[in-house]
Amino acid sequence: MSTATPRPAAPATTATWHLGDIAVHRVDEIELPRRTGPWLLPDATKEVLDQAPWLRPDFADAEVPRLASHSFAVEAGGLRILVDTGIGNAKPRANPAWNGLDTDFMARLAAAGFPPESVDLVITTHLHTDHVGWNTRLDGRDWVPAFPNARYLTSRTEWDHWAAVDLDEARTQMFRDSVHPVRDAGLYDTVAVPEQGHEVAPGVRLVPAPGHTPGQVAVELCGSDRRAVITGDSIHHPVQLSHPHVHSCVDADSAQAVRTRAGLLDGLADTDALLLGTHFPHPTAGTVRREDGRYRLLAEPGTQQPTTAGA
Ligand SMILES: [Zn+2]
């Protein structure tokens, strides 16, 4: 597209975490611009960041939190599963950080062992623009499913919520280019996600994580050696471990989001379960420890590999 912005700089590595019989790869899209932190997490001020020195240098610079966009590519039970699909290329977006991207995300995904036609399942944690972008790609002038052999899944509560509300133009555009082409191809399924969760593949469960949106899910991975939880946007940034009340400006229900965060962190704390942050910059993952009445992340960078694609 003529509106394409120059390719953003991106880290030249990918990372893999092994949970026994399940493997998770982070596939990078972009680091989000520095202005994103203060906009998204207005309460994550320098003073708040100063109270959690472990956030620096990886998760915050001197002033603001760092954020990233990536997907998690999961191998479980012989299936290739993508959890969220980032911002996407060439999408017309009001947010300049998301508008008309031109990244080599698909080449990185293929280099991680996930060529598009091999993907079996695409999980959408919630129906926001930066989680559905690579659901589709341009074919001529048409948006078509990027993973033609996959089933796409999201929670029924999430789907029904957005179907029932009046959408502004930005959201209408998102559904038009990133959701409805998949639905119209008959590839989007919705599932009821009860309190105890819903297994969608061997060892892969959707669990309710409402607050940021009404039907958001987190994704729990139960490998033979280890458990992990992919946050979606229930935890945008590690500062929300030390300060769970730091809210995102786009949370639909902040109080519910705090309750969801508290439940997730309580279940992870002082175990060897891995927290995988959907917007956490490198090193992206870690275990959760209680310390001085707060939580902190003990980072685990995974196995780093240079990407063979682009970058
Ligand atoms: Zn997001």
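Mentor: Let's start at T16, which counts as partly exposed because it has 16 C-beta neighbours inside 10 Å. The cut-offs here are 20 or more other C-beta atoms within 10 Å of a residue's own for buried, 12 or fewer for exposed, and partly exposed in between, with C-beta atoms placed from the backbone. Keep in mind that this is a predicted model, where local features need pLDDT of at least 70 and side-chain atom pairs count only at pLDDT 80 or more, while totals for chains, interfaces and linings use all residues. Numbering runs from 1 along each chain as its sequence is written.

T16 sits in strand β1, residues 13-18. Strands (E, at least two residues) and helices (H or I, at least four) are DSSP runs, numbered from the N terminus. Leaving aside residues up to four places away in sequence, T16 touches A23, V24, H25, G302, T303 and Q305; a contact means C-beta atoms, placed from the backbone, within 7 Å. A52, on the other hand, is 36 residues from T16 in sequence and 26 Å from it in space, C-alpha to C-alpha.

One of those contacts, V24, takes us inside. V24 is among the residues touching the most other members of the largest nonpolar core, which has 58 residues; V74, I123, V219, L221 and L276 are the others. Such a core is a set of buried Ala, Val, Leu, Ile, Met, Phe, Trp, Tyr and Cys residues joined through C-beta atoms within 7 Å. V219, for instance, touches V83, I123, T125, V204, L206 and I230, again not counting residues up to four places away in sequence. Apart from that core lies another, of 18 residues, including I30, L49, A68 and F280.

Now follow the strands. β3 (residues 68-76) and β4 run antiparallel and are joined by five bridges; strands count as paired if DSSP finds at least two bridges between them. A73 has L82 as its bridge partner in β4. Two residues separate the strands in this hairpin, where G77 takes a positive phi near 55°. β4 itself (residues 79-83) is mostly covered, with four of its five residues buried. Three bridges link β4 to β5 (residues 121-123), this time in the parallel sense, and L82 stands opposite V122 there. To get from β4 to β5 the chain passes through helix α3 (residues 105-111), and this β-α-β crossover is right-handed, meaning that with the strands pointing away from the viewer, the path from the first strand over the helix to the second runs clockwise.

Next, an open sheet: seven strands in the order β10-β11-β12-β13-β14-β15-β16, with mixed pairing. Its edge strands, β10 (198-201) and β16 (294-299), each pair on one side only. The twist averages 35° from one strand to the next, with axes being lines fitted to C-alpha atoms (for helices over the stretch in contact) and angles running from 0 to 180 degrees between N-to-C directions. Within this sheet, β14 (residues 274-276) and β15 (residues 285-291) run antiparallel, joined by two bridges. L275 stands opposite G286 in β15.

The loop between β14 and β15 is worth a stop. P283 is in that loop, and a cis peptide bond joins H282 to P283, with omega about 10°. T284 is in the loop as well, and its phi is near 75°, a positive value in a residue other than glycine. T284 counts as buried because it has 27 C-beta neighbours inside 10 Å.

Compare D270, in the loop between α8 (254-268) and β14. D270 also has a positive phi, about 60°, although it is not a glycine, but D270 is exposed, since 12 other C-beta atoms lie within 10 Å. A further cis peptide bond joins R56 and P57, omega about 5°; P57 lies in the loop between α2 (46-50) and β3.

Last, helix α6. This helix (residues 169-184) bends by about 40° at R176, the bend being the angle between axes fitted to the seven residues ending there and the seven starting there. Its buried residues are M174, D177, S178, V179, P181 and V182, and they pack against α4 (129-132), β6 (136-139), β7 (142-145), β8 (151-155) and β9 (188-191). Just after α6, G186 takes a positive phi of about 75°.

Definitions and conventions. Two residues are in contact if their C-beta atoms, placed from the backbone, lie within 7 Å.
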